2 protein chains.
Amino acid sequence: MSLFGNFVGFSEKKNTNKIFKTFNPIKNSYNQESYSIASDKDVQNALELASNYYEADYPPSHADRVLFFNLLINFLKDDQEKLKNSYCKETGLSQQRFTTEFNRTINTINKFTKLINTPSWKEISSNLDLSTNIRIEKHRVALGPVLVFGASNFALAYSTAGGDTIAALAAGCPVIVKSHPFHAGTSYLVAKAIIKANQKSKLPEGFFSHLQDDSHHVAQTLISSENIKAISFTGSLNGGKSIFDLAMKRKTPIPVFSEMGSTNPIILFKDKIKENKSFWIDKISTSICNDAGQFCTKPGIIFYPKNNTDNNFIELLTKKVIETKPIWMVHPSILKRYNALIYERKKQSNGLLYQNTKNKDENKAKPTLLSIDIKNFISNPSLQEEVFGPFCLLISYSSIEELKKGLKKIEGQLTFSFIGSEREFEQHKPLINIGINRAGRIIFNDVPTGVQTTKHMHHGGPYPASTDSRFTSVGTDSILRFTRPIAIQTRQS
Amino acid sequence: MSLFGNFVGFSEKKNTNKIFKTFNPIKNSYNQESYSIASDKDVQNALELASNYYEADYPPSHADRVLFFNLLINFLKDDQEKLKNSYCKETGLSQQRFTTEFNRTINTINKFTKLINTPSWKEISSNLDLSTNIRIEKHRVALGPVLVFGASNFALAYSTAGGDTIAALAAGCPVIVKSHPFHAGTSYLVAKAIIKANQKSKLPEGFFSHLQDDSHHVAQTLISSENIKAISFTGSLNGGKSIFDLAMKRKTPIPVFSEMGSTNPIILFKDKIKENKSFWIDKISTSICNDAGQFCTKPGIIFYPKNNTDNNFIELLTKKVIETKPIWMVHPSILKRYNALIYERKKQSNGLLYQNTKNKDENKAKPTLLSIDIKNFISNPSLQEEVFGPFCLLISYSSIEELKKGLKKIEGQLTFSFIGSEREFEQHKPLINIGINRAGRIIFNDVPTGVQTTKHMHHGGPYPASTDSRFTSVGTDSILRFTRPIAIQTRQS
């Protein structure tokens, strides 16, 4: 039996008595390999190593980290085939999706390497006051040891060497990753590459540790530790809020970046869906169904004009969605929850359910739409709670006044999308303001999935989309999550 | 009897059955005027007005706010004499201090007016991706209604029209001020000027409300309200942490900016205190004693080299401090706590207390030093808890190793100051790194008081100095506390 351990700094620690396995959604069976659960001692040692790294007499420079990132890219590329096999058998996702996500991971590392190689990213402002001869320079410093949770839906791009880890390491923070148990094998391989790069780059031990657990114990110990100075998580509202609440009970408050997804409403006005009908139907249905809708920006609500009888847009969209081929979800527990939530929403709303009943494969997620009237939504706003998977609520509105009432019921979101003409955007400014007050990204004539990973992106939003709307978890500005400003004041003599 | 009410938007609400009075520390008696405690209905109405302002169909522009600020400056200047009388009789501080604080308040309003009149302050970055024809523009938007607490130690500059209120209003957030009961009269006069400017500038009602209470009830209701989207406080660790803890129990987490002061250690190396001895003695003693040491950046700990027998620096500093004329503190309860904490520190440490026993006026705060050895401090780091007032711990160290151990015991601070030669700064880099990991501002050869209010300042620091080390509460960057980024994505057709 192959047993894979925890990386407590450079040491791989295996405890044979507490292990778990990952699951292959395609084969519908457990994978062979076993993963060792980190012991309390492993956790304490990893925490101490991280703190010692941060409190070093002479902290490593950004140039040391650049070397580390360059090595890491090479080591990940060396293992690309191994990673692909592990990824596919632990997530049920396609090889094509693996390639996209792998490239995105490499791309992220490259972007942050470039960023910190331009040390000016740290500078905020500076000034010499000639009347007092006092110089003040404001720049960014690392927050300290960061705890990163692997995400279930991005085994590479938001897990062990994902956006959060790379941004924190780039900022100069040591990182402890609590890996996601669904893809422990993929995470282990990535962790091994990180440790190898850590050793070869001569960055001190403690820069990175990797701990495994299929339950909450390791996570809870880490969250409550005074050694941890920031926490980053991508996942469900339940998970993200529990982490936040536990962290807020610490003696020392720290930033918690829980990105918890949302329903990403799309508001359809009348003008646009008349033209380019098939373009929009393709775009929206793909946004709902792609990779079984397992994205935090999947649109979960569409508002459409009811009295638009010359237009069969919604009928065609419905057909397109439910005829999309079902695929596996990353874990049977996710699929189970998906099916349960569809049933719950149907019961809550008494709406019309659209699902292709010809698909009999119970191991796959059926693309599903639920059609309701906006009056129903207004009186029952809890219908907006996220259904993770290829599901969307279709909400019909009879007037702009009614739409406005509905939009005002919407809670914090990652995105709000408006599809319409310039004339309509101008005319319905108050509706767009409702979106601005509730979302981290406003999209005109596009869909929310396919998030650009540039400096310009903002991926976050008011609660419950995230626990800290002031920071993005995608794009290079996400490094700001792991820094704080400091002013250096010098009296020139 | 003159009774002053609460401003619930434009309406002044007086409840005659629940009132309180302010205290004159110089006369040692209550002032005549009475202040009405806000009723639960007043609080709810103020919250609704603020939310309605924020959720307006067409939010006011920055130009509307510029007009408001210009009017406010005029109205405050019109009332300068009235304000001075009220300020002095409610704080025991001098007319000179009033003038400094009044000018600083006007200066703050001017700076933020200038800032928002340059609308580019909101822009973060933007980009047009030519391959997809997608434009993304990232800029800052207002967080929503902000709750500001008046500070006890700055009746003008960190109270009703102080840095927090002005920064939040400048950002476009409506503000509810819970005034500080120690200087309710000063706060009332300022609130009246704000409401007048609000009305004259034609900004909608709800932009500002002002609520009074001499207990915790009004504050607790406001903190727990889902209408509030950020909270700002300057004061004690106890007060700031209680606000934070209560806010974290809300359904929706929000930013809480509690700036809670610190002990602002000064580390004296050997080289500098040999030269310019009297310059440094003047500077440091003033920093400890000025305005009865009622500043969050007052130095509360000085580390000095013990084996420096050719140097009587510490003896001369001690003499200078304890011979500084005692003055009143802003409230007898603050003075009572000051005296109790000195007694507690003396008991905890069994150190040597220096105080001028010739001063018999029990209504004034005696400048006090407590001398201990660093070994004592290392084994009892709770000695570092802030003593608000003209008090400082003198800690002697025998070696740099010992100093290092002592510095590592220090918790989060607003500032860390090092006084020494360039040679010493270079030689003791690891000690400076300890400061960088623990403070929001590092000061070389200067004292922490006299905080510059420029863009370049950072006033904040790791807990317990503040609950959010990532933001400053002084200088124009403090506006960032009340904003979040938003990305506007447009597919160009």
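How many residues of chain A are in contact with chain B, and how many of chain B with chain A? In this predicted model, 71 residues of chain A are in contact with 71 residues of chain B, contact being defined as heavy atoms within 4.5 Å. Local features need pLDDT of at least 70 and side-chain atom pairs count only at pLDDT 80 or more, while totals for chains, interfaces and linings use all residues. Residues are numbered from 1 along each chain as its sequence is written, chains are lettered from A in the order in which they are written, and side-chain values use heavy atoms, with hydrogens and water left out.

**The interface**

The size of an interface is often given as the accessible area lost when the parts come together. Chain A and chain B bury about 6,000 Å² between them, of which 49% is on carbon and sulfur atoms; buried area here is the accessible area (1.4 Å probe) that two parts lose on being put together, summed over both. There are 42 residue pairs in polar contact between chain A and chain B, both residues being at pLDDT 80 or more, where a polar contact is a pair of N or O atoms within 3.5 Å, one able to donate a hydrogen and the other to accept it within protein, and residues adjacent in sequence count only if both atoms are side-chain atoms. Among the elements that each supply at least two residues of the side of chain A that touches chain B are strand 8 (123–129), helix 8 (237–247), helix 9 (277–289) and strand 24 (483–491) of chain A; helices (H or I, at least four residues) and strands (E, at least two) are DSSP runs, numbered from the N terminus. The largest share, nine residues, comes from strand 24 of chain A.

Strand 24 of chain A also pairs with strand 23 (residues 439–444) of chain B, in the parallel sense and over four bridges, pairing requiring that DSSP finds at least two bridges between two strands. Within this arrangement, Ile488(A) stands opposite Ile442(B).

His458(B) lies in the loop between strand 23 and strand 24 of chain B. His458(B) counts as buried because its relative accessibility is 1%, the classes being buried under 20% relative accessible area, exposed over 50% and partly exposed in between (1.4 Å probe, protein chains only). The side chain of His458(B) reaches the backbone oxygen of Pro485(A) at 3.5 Å, and residues that His458(B) touches include Lys138(A), Ile486(A), Arg441(B) and Phe471(B).

**Salt bridges**

Side chains of opposite charge can pair when their charged atoms come close. The structure holds 44 salt bridges over all chains, and 10 are found across the interface of chain A and chain B, a salt bridge being a side-chain nitrogen of Lys or Arg within 4 Å of a carboxyl oxygen of Asp or Glu.

| Salt bridge | Closest N and O atoms |
|---|---|
| Asp477(A) with Lys138(B) | 2.9 Å |
| Asp245(A) with Lys241(A) | 3.1 Å |
| Asp282(A) with Lys320(A) | 3.1 Å |

Asp282(A) is partly exposed at a relative accessible area of 38%, and Lys320(A) is partly exposed at 37%.

Asp245(A) and Lys241(A), by contrast, both lie in helix 8 of chain A, four residues apart, about one turn of the helix. Asp245(A) counts as partly exposed at 28% relative accessibility, whereas Lys241(A) is buried at 16%.

How values were computed: Lists of a residue's contacts leave out its neighbours within four places in sequence.
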